[in-house]
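Dear colleague,

Please find the structure we discussed handed over below. My notes on what was found in it follow directly after.

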Amino acid sequence: MCRHLAYLGRAMPIASLLYDAPHSLEHQSYAPGDMRAGGTVNVDGYGVGWFPGPVRYRRAGTLWSDPNLRQLAGTESAAFLAAVRSATTGMPVSDAACAPFTDGTWLFSHNGRVDGWPHSVAELAKTLDVTDLLTMDAPTDSALLWTVLRRRLETGKNPAQTLVELVQEVADAAPKSRLNFLLTNGEVLVGTTWTHALWVLQRGEGVTLASEPLDDDPGWREIPDRHVITAVPSTVEVRPL
Ligand code: GLN
């Protein structure tokens with residue numbers, strides 16, 4: 001299943017987590033340590049978004065073979081989110097199916113899958129208007145969840161609460177789903193754990209959330225399953241879903 005990460009804090013080159021860390025996202029794309037639910041590698045696509053902006057770049061294919069991203073990753077950013085994708089069986093492989101998804105304010109990533117897709121979430125899809133459905137990035141579970149979420153975030157509701165409610169609704173409709181989310185607007189990081197791993201590290205003036213620890217810093221803490229995490233560099237709050 002996909003691997004993803006998000007960073008918030010003192011500005012640093014995106015490359016430091018994408019390429020330079022011992023177990024960077026690039027390394028996790030071909031040698032992940034904790035894949036669950038069948039996947040072995042994350043080679044169907046990748047993406048990164050950063051603030052200010054957000055500026056978003058995503059491509060189908062393998063992260064390690066893209067010299068353009070290597071150049072872009074020299075950018076220093078105080079808030080960014082990146083993902084590598086292992087497409088769920090039956091879902092299309094295309095640039096637009098890759099995280100992060102964005103509405104120009106938020107960056108969003110989903111590690112997991114909606115069980116019984118698409119029938120299990122037909123009722124959720126019906127809450128969207130036709131234009132939203134026709135302009136979805138891709139016909140995938142993650143893109144549908146993002147389309148629902150972006151509409152709800154527009155109301156200005158608390159982002160952590162909005163994510164929690166989405167997890168609960170999808171889990172009720174499709175109980176065997178895997179729903180690890182990451183969301184940021186450049187001011188706060190929000191994440192959920194629902195059957196996949198997520199770790200947090202507060203170091204110096206920054207905080208990182210990641211599917212797998214990026215190095216051997218003993219400060220990495222695993223978020224328990226079925227929890228929501230809200231993080232800024234100085235404060236991390238973890239509570240049960
Ligand atoms: N189901 C999503 C997709 O196919 C996410 C896949 C994953 O987490 N491996 O894009």
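**Strand β2 and its sheet**

Strand β2 is joined to β3 by five bridges, and the two strands run antiparallel. Please note at the outset that this is a predicted model. Within that pairing, Val-48 stands opposite Tyr-57 of β3. The two strands make a hairpin with three residues between them, and Gly-53, in the turn, has a positive phi of about 145°.

On β4 (residues 76–85), β2 forms seven bridges, again in the antiparallel sense. Here Gly-49 has Leu-81 of β4 as its bridge partner. Six of the seven residues of β2 (residues 45–51) are buried, so this strand is largely enclosed by the rest of the structure.

These strands belong to an open sheet of seven, ordered β3-β2-β4-β1-β10-β9-β11, with antiparallel pairing. The edges are β3 (55–59) and β11 (221–222), each of which pairs on one side only. At the β11 end, two bridges join that strand to β9 (residues 199–203), and the two run antiparallel.

Strands β5 and β6 pair in the antiparallel sense over two bridges, with Thr-102 opposite Leu-107 of β6. Four residues lie between the strands of this hairpin, and Gly-104 takes a positive phi near 95°.

β6 also pairs with β7 in the antiparallel sense, over seven bridges. In that pairing, Asn-111 has Asn-180 of β7 as its bridge partner. How much of β6 is buried? Seven of its seven residues are, so β6 is largely enclosed by the rest of the structure.

**Helices α6 and α7**

Helix α6 is mostly covered, with ten of its 13 residues buried. The buried residues include Asp-141 and Ser-142, as well as Trp-146, Thr-147 and Leu-153. Among the elements that cover them are β5 (101–102), β6 (107–113), α4 (122–126), α5 (130–134) and α7. The end C-alpha atoms of α6 are 18 Å apart, which agrees with the 18 Å that its 13 residues should span at 1.5 Å a residue.

Helix α7 (residues 159–173) has 15 residues and reaches 21 Å from its first C-alpha to its last, close to the 21 Å expected at 1.5 Å a residue. Which residues of α7 are buried? They are Pro-159, Leu-163, Val-167 and Val-170. These residues cover an arc of only 75° around the axis, which puts them on the same side of α7.

**The nonpolar core**

The largest nonpolar core holds 64 residues, of which Phe-108 and Leu-209 touch the most other members. The largest share of this core comes from α6, which supplies seven residues.

Which residues are in contact with Leu-209, leaving aside its neighbours within four places in sequence? They are Leu-5, Ala-6, Leu-182, Leu-189, Gly-191, Leu-198, Val-200, Ile-229 and Ala-231.

**The chain as a whole**

The chain contains seven helices and 13 strands. Its C-alpha atoms fill a box of roughly 45 × 35 × 35 Å, taken along the principal axes.

Of the 241 residues, 46% count as buried. Among the contacts with a separation of 6 or more, 66% are accounted for by residues 24 or more positions apart.

With kind regards

Technical notes:
Residues are numbered from 1 along each chain as its sequence is written. This is a predicted model: local features need pLDDT of at least 70, side-chain atom pairs count only at pLDDT 80 or more; totals for chains, interfaces and linings use all residues. The expected span of a helix is 1.5 Å times one less than its number of residues. A residue is buried if 20 or more other C-beta atoms lie within 10 Å of its own, exposed if 12 or fewer, and partly exposed in between; C-beta atoms are placed from the backbone. The arc is that of the directions from the helix axis to the C-beta atoms. Two strands pair if DSSP finds at least two bridges between them. A nonpolar core is a set of buried Ala, Val, Leu, Ile, Met, Phe, Trp, Tyr and Cys residues joined through C-beta atoms within 7 Å. Two residues are in contact if their C-beta atoms, placed from the backbone, lie within 7 Å.
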